[in-house]
Amino acid sequence: MPLAGIGSRFIALLVDTLIWVAAILLLALASWLLVPGITAFSRLSAQWAVAIYVLVLFLLNWGYFTLFEAFWNGRTPGKRIARIRVIQQSGRPIGLFESMARNFIRYVDQIPFFYAVGVIAMFSTRQHQRLGDMAAGTLVVRDREQETPLWGESGTRLFAAPIFPEIHPISEPHVALSLSALEVLEGFFARRLDLPLATRAALARRIAGAIQAKSGLEPPPDLSDETFLEATARELRDIARMR
């Protein structure tokens, strides 16, 4: 998937910041109305009230990005508008741990102002990663448009039969791929940007040949090996999500 640029990430951050500021204003209004009464009722000191308010601010800021990215397929409302998302370097969706790590280090990326450290890190890394991304092993990528099927115009998928023989019986003998095929593909995708071009092409050719030999698939002659592998992985991920 294509990496997200600084422009689209800035748009996403701007939208998320506006949403966050609106939430803070609502919280401030609620605090102005409720905190004096709660303080008088519970005999809390003003210092404790301020400390609780600051803690809520932190949790609201950190939790906003963390929970949205962890449970909304790597997207916040701003990222959805900008059509970008956060994924693991292997291409898999991020989980709660990766989201917590990248957003905790967000405060370091913000130093000294306007994400200066994060922007410098993005310009300095080949995959446009800020410090939080490097620590969590994540990437920010652009969403792809819905693609038409590669095989035929009738809407048929790349694989017409179930892929995982350990879960579903194979209804057509020529489809003999399993979960191990997806693991091999994910490993290749995670490493390919670090491989020399010749090695990368040779490895893609070997993996594509092995998959074609096991499945009996005949891709179009003008389809590159890596495009074939990406299509195969996309199908396998879809099936894995339906398990």
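1. In this predicted model, P112 sits in the loop that runs between α5 (106–109) and α6, and the peptide bond that joins I111 to P112 is cis, with an omega of about -10°. The loop between α5 and α6 also holds Y115, a residue that has a positive phi of about 55° although it is not a glycine. Y115 counts as buried because its relative accessibility is 16%, under the 20% cut-off.

2. A positive phi, near 60°, is also found at R83, again a residue other than glycine. R83 belongs to the loop between α3 (77–82) and β1 (84–88), and with a relative accessible area of 42% it is partly exposed. As background to both of these points, most residues other than glycine have a negative phi, and most peptide bonds are trans.

3. Sorted by class, the lining of the second largest pocket comprises twelve nonpolar, six charged and three polar residues.

4. E69 lies in helix α2, which spans residues 46–71, and E69 counts as buried because its relative accessibility is 0%. When residues up to four places away in sequence are left out, E69 touches G74, R75, T76, K79, V86, I94, S99, R102, N103 and R106.

Terms used
Residues numbered from 1 in each chain as written. Predicted model: local features only at pLDDT ≥ 70, side-chain atom pairs only at ≥ 80, totals over all residues. Heavy atoms only, no water. Nonpolar A, V, L, I, M, F, W, Y, C, P; charged D, E, K, R; others polar. Helix = DSSP H or I, 4+ residues; strand = E, 2+ residues; numbered from the N terminus. Buried < 20%, exposed > 50% of the residue type's maximum accessible area, 1.4 Å probe, protein only. Contact = heavy atoms within 4.5 Å.
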